[in-house]
Amino acid sequence: MAEQITVEVVYAEPSRSWLWQVMLPVGSTVAQAIEASGVARDVPGLVVDPARLGIFSHKVTPDHVVGEGDRVEIYRPLTLDPKEARRRRAHEG
């Protein structure tokens, strides 16, 4: 039997977050972890952007190989540019 690893897949919206724990064969990728998690089934309408993925806050590509205990993070698009948010706060203060 092939060696297995445990990986978490997480996704969050402003009002709710999801966490899935999946068992995968050693050598599996971020894309395979996301597929195994069932996120597409559990989060209706979610479109995973391959450019918005990370492991422990470090950006990765879908073909990045995951390791034991990794946390694959699916990021949402920004609703407000961080520079614009700072400008607004500075203007208010």
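The structure is a predicted model, in which local features need pLDDT of at least 70, side-chain atom pairs count only at pLDDT 80 or more, and totals for chains, interfaces and linings use all residues. Residues are numbered from 1 along each chain as its sequence is written, and side-chain values use heavy atoms, with hydrogens and water left out.

Strands are DSSP runs (E, at least two residues), numbered from the N terminus. Two strands are taken as paired if DSSP finds at least two bridges between them. Strand β1 covers residues 4-13 and strand β2 covers residues 16-25. The two run antiparallel and are joined by ten bridges. A hairpin of two residues links β1 to β2. Within this pair, Gln 4 lies opposite Pro 25 of β2.

Strand β1 also pairs with strand β5, residues 71-74. Here the strands run parallel, and four bridges join them. Tyr 11 has Ile 74 of β5 as its bridge partner. Val 10 is bridged to Glu 73 of β5. Strand β5 has a further pairing, with strand β3 (residues 53-55). That pairing is antiparallel and rests on three bridges. In it, Leu 53 stands opposite Ile 74.

Glu 73 is part of strand β5. Its relative accessible area is 7%, so Glu 73 counts as buried. The classes are buried under 20% relative accessible area, exposed over 50%, and partly exposed in between (1.4 Å probe, protein chains only). Contacts, defined as heavy atoms within 4.5 Å, link Glu 73 to Val 10, Arg 52, Leu 53, Gly 54, Ile 55, Phe 56 and Ser 57, not counting residues up to four places away in sequence. Among these, Val 10 is also the bridge partner of Glu 73.

Polar contacts were assigned to pairs of N or O atoms within 3.5 Å; within protein, one atom must be able to donate a hydrogen and the other to accept it, and residues adjacent in sequence count only if both atoms are side-chain atoms. The Glu 73 side chain reaches the backbone nitrogen of Ser 57 at 2.7 Å. It also makes a polar contact of 2.4 Å with the side chain of Arg 71.

A salt bridge places a side-chain nitrogen of Lys or Arg within 4 Å of a carboxyl oxygen of Asp or Glu. The structure holds three. One joins Glu 73 and Arg 71, at 2.4 Å from N to O. Glu 73 is buried in this pair. Arg 71 has a relative accessible area of 27%, so this residue is partly exposed.

Another salt bridge joins Arg 52 and Asp 49, with 3.5 Å between the closest N and O atoms. Arg 52 is partly exposed at 31%. Asp 49 is partly exposed too, at 32% relative accessibility. Arg 52 is also among the residues that touch Glu 73.

Asp 42 and Arg 41 form a salt bridge as well, their closest N and O atoms being 2.9 Å apart. With a relative accessible area of 28%, Asp 42 is partly exposed. Arg 41 is exposed, at 61%.
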